Amino acid sequence: MIRRALILGAGGPAASSWATGVIAGLADQGIDIRNADLFVGTSAGSRVAAQITSGQGLEELFERQLQPQPVGGVAVKVDFKKLKADYVRAKEGDGGDIGFLKRMGSLAVNAPTVSEADTLKEVASRLLVDAWPVQRVLAVAVDTETGERRAFDRSSGVPLRDAVAASGAAPGMSPAITIEGHRYMDGGVYSTDNADLAMGFERVLILTLKAGFPSTCVVSLDAAVERLERSGSQVVTVRPDDATEAAFAAVGGNLLDPKVQDGAARAGREQGRRIAALNVAAVWN
């Protein structure tokens, strides 16, 4: 029996709205990727994974993207230019990958943000469910102290809300989330997609934004895809098309701006409809 994995990458409201639109557009053409055997969600992608496996209708989820909401965890003013410089300095420091992840962990723990409680409340309001789905969903986060990557699932004994909040706890923008005495930050610090967690699955579909430059994560998507393909997986990667990039640009290119949601979702849905028969059907059907 062929096993399929859906990878949902990071990228704030832009990524979650675009991915939701693509999924709805694919469904419009008869390809319902909610029947995946594995869902790997990173940051915004973990929220999408939780939502599309929650039993809520795709049309309802899509319509919610057209009604921008405040971004949780960003209630203090963030100097994005300085934050980007902090990320680059952390990447250029000593200690290899673990050293980088620990420096990012220190930034996540010490940056002024709203409280964990407020963030957890906001995440819960977005999910509208409080239980893990029957399908296997992974919400990827990173331990701020050790730099260890952790993929939470229903067997972890952690509330879905907490796992999704931890996966999306971007250093310097959202508070690190405390789980079992450890504090966790955005899984995108390790990899914006964490697609390597789909090893062993024959068909892999990846919905992800284009990589930023310079890269500030440990494992690139290209490296993960190469590894998957070497193991025998058939992989299709879908990134935003020109119409979606134009929607991002219309709000100044800020992927965290809630105003990006409407345009990103609509463009994503059109893209999903267009690509259904081009390359997704071959992998999924």
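Where is S231 found? S231 sits in the loop between α8 (221–230) and β8 (234–238), with helices (H or I, at least four residues) and strands (E, at least two) taken as DSSP runs and numbered from the N terminus. The legends below take up this loop and several other places in a predicted model.

**A word before the close-ups.** Residues are numbered from 1 along each chain as its sequence is written, and side-chain values use heavy atoms, with hydrogens and water left out. Because this is a predicted model, local features need pLDDT of at least 70 and side-chain atom pairs count only at pLDDT 80 or more, while totals for chains, interfaces and linings use all residues.

**Figure 1. Confidence along the protein chain.** The protein chain has an average pLDDT of 92, where pLDDT is the predictor's confidence in each residue, from 0 to 100. A score of at least 70 is reached by 95% of the residues. Residues 71–75 have a pLDDT below 50, and beyond near neighbours in sequence this stretch has 15 contacts in the model, a contact being heavy atoms within 4.5 Å. Where pLDDT is low, the predicted coordinates should not be read in detail.

Figure 2. S231 counts as partly exposed, because its relative accessibility is 43%; the scale calls a residue buried under 20% relative accessible area, exposed over 50% and partly exposed in between (1.4 Å probe, protein chains only). Its side chain reaches the backbone oxygen of L228 at 2.6 Å. This is a polar contact, defined as a pair of N or O atoms within 3.5 Å; within protein, one must be able to donate a hydrogen and the other to accept it, and residues adjacent in sequence count only if both atoms are side-chain atoms.

**Figure 3. Helix α3 beside helix α10.** The axes of α3 (residues 58–65) and α10 (residues 260–284) come within 8 Å and cross at roughly 140°. Here axes are lines fitted to C-alpha atoms, for helices over the stretch in contact, and angles run from 0 to 180 degrees between N-to-C directions. The two helices, α3 and α10, are therefore oblique to each other: angles under 35 degrees count as roughly parallel, over 145 as roughly antiparallel, 65 to 115 as roughly perpendicular and the rest as oblique. On the α3 side, E59, F62, R64 and Q65 meet Q261, D262, A265, R266 and R269 of α10. Sorted by class, the contact of α3 with α10 has 2 nonpolar, 2 polar and 5 charged residues. In this sorting, Ala, Val, Leu, Ile, Met, Phe, Trp, Tyr, Cys and Pro are nonpolar, Asp, Glu, Lys and Arg are charged, and the others, Gly among them, are polar.

Figure 4. Q65 belongs to α3 and counts as buried at 8% relative accessibility. Its side chain makes a polar contact of 2.9 Å with that of S17. Leaving aside neighbours within four places in sequence, Q65 is in contact with S16, S17, T20, Q261, D262 and A265. From α10, the side chain of Q261 reaches the backbone oxygen of Q65 at 3.4 Å. Q261 is buried too, with a relative accessible area of 6%.

**Figure 5. V280, another residue of α10.** V280 is found in helix α10 and is buried, with a relative accessible area of 1%. Its contacts, apart from neighbours within four places in sequence, are L26, I31, L205, V238 and I275. V280 and S174 are 34 Å apart in space, C-alpha to C-alpha, and 106 residues apart in sequence.

**Figure 6. A49 in helix α2.** What does A49 touch, not counting residues up to four places away in sequence? The answer is L8, F39 and V137. A49 lies in α2 (residues 44–52) and is buried, with a relative accessible area of 0%.

**Figure 7. Two loop residues with positive phi.** Most residues other than glycine have a negative phi. L128, in the loop between α6 (116–127) and β3 (136–143), has a positive phi near 65°. N194 also has a positive phi, near 55°; its place is in the loop between β6 (182–186) and β7 (203–207), where N194 is buried with a relative accessible area of 0%.
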